[in-house]
Amino acid sequence: QRLRPPPGGQPRWVVFLEPSTFVDPAALEAALAQHDPAEELFVGRVLQDSEASILHHYSTATAYPLGPAGFALSWPLVRRLAEGMRERPPRREQQIEPGWELAKLL
């Protein structure tokens, strides 16, 4: 299925939050306003392993989103990710941490 804009226009951002994430809507709006939503952008905090971990297949090269802090992807980036996954679906191997798996696609 193709990603379609919501009724009334093109989305600018897709915001990912966890149930425990506290959001100040005005601060979120101000933070996103500092970036051009027409570009392929990730906005948020990232983590990077300093030591190899089995959770990340022993890789320390990939920085990944800090999920509890929330993060946003610009609509052009979301579209590219969706098109890429349609052309090359994810393998069905074990995927322990979705944020890290997402970061590998960015």
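This dialogue walks through features of one predicted model.

Visitor: Which elements make up the secondary structure of the protein chain, and how do they run from the N terminus?

Guide: Helices (H or I, at least four residues) and strands (E, at least two) are DSSP runs, numbered from the N terminus. Here there are three helices and five strands, in the order β-α-β-β-β-β-α-α.

Visitor: What percentage of the residues is buried?

Guide: Buried means under 20% relative accessible area, exposed over 50%, and partly exposed in between, with a 1.4 Å probe and protein chains only. Of the 106 residues in the protein chain, 25% are buried.

Visitor: How is a contact read, and which residues does A72 contact?

Guide: Contact means heavy atoms within 4.5 Å. A72, in strand β5, is buried at 2% relative accessibility. Leaving aside neighbours within four places in sequence, A72 is in contact with W13, V14, V15, L32, L41, F42 and V43. Over the protein chain, among contacts between residues at least 6 apart in sequence, 68% join residues at least 24 apart.

Visitor: Is S74 buried or exposed, and where does it lie?

Guide: S74 lies in strand β5, residues 71–74, and is buried, with a relative accessible area of 0%. Not counting residues up to four places away in sequence, S74 touches R12, W13, P37, E39, E40 and L41. A polar atom of the S74 side chain lies 2.8 Å from the backbone nitrogen of L41.

Visitor: How many aromatic pairs are there?

Guide: Rings of Phe, Tyr and Trp (its six-membered ring) pair if their centres lie within 6.5 Å; planes under 30 degrees apart count as stacked, over 60 as edge-to-face and the rest as tilted. The count by this rule is two aromatic pairs. The rings of F16 and F71 have centres 4.8 Å apart and planes at 10°, so this pair is stacked. F16 lies in strand β1 (residues 13–16) and F71 in strand β5, so the pair ties together parts that are 55 residues apart in sequence. F16 is partly exposed at 34% relative accessibility, whereas F71 is buried at 10%. Ring pairs link F16, F42 and F71 into a cluster.

Visitor: Which residues form a salt bridge?

Guide: Side chains of opposite charge can pair when their charged atoms come close. A salt bridge is a side-chain nitrogen of Lys or Arg within 4 Å of a carboxyl oxygen of Asp or Glu. There is one salt bridge by this rule: E40 pairs with R80, with the closest N and O atoms 2.6 Å apart. E40 lies in the loop between α1 and β2 (42–44) and R80 in helix α2 (residues 75–87), so the pair ties together parts that are 40 residues apart in sequence. E40 is partly exposed, with a relative accessible area of 43%, and R80 is partly exposed at 33%.

Definitions and conventions
Residues numbered from 1 in each chain as written. Predicted model: local features only at pLDDT ≥ 70, side-chain atom pairs only at ≥ 80, totals over all residues. Heavy atoms only, no water. Polar contact = N/O pair within 3.5 Å; in protein donor to acceptor, adjacent residues only side chain to side chain.
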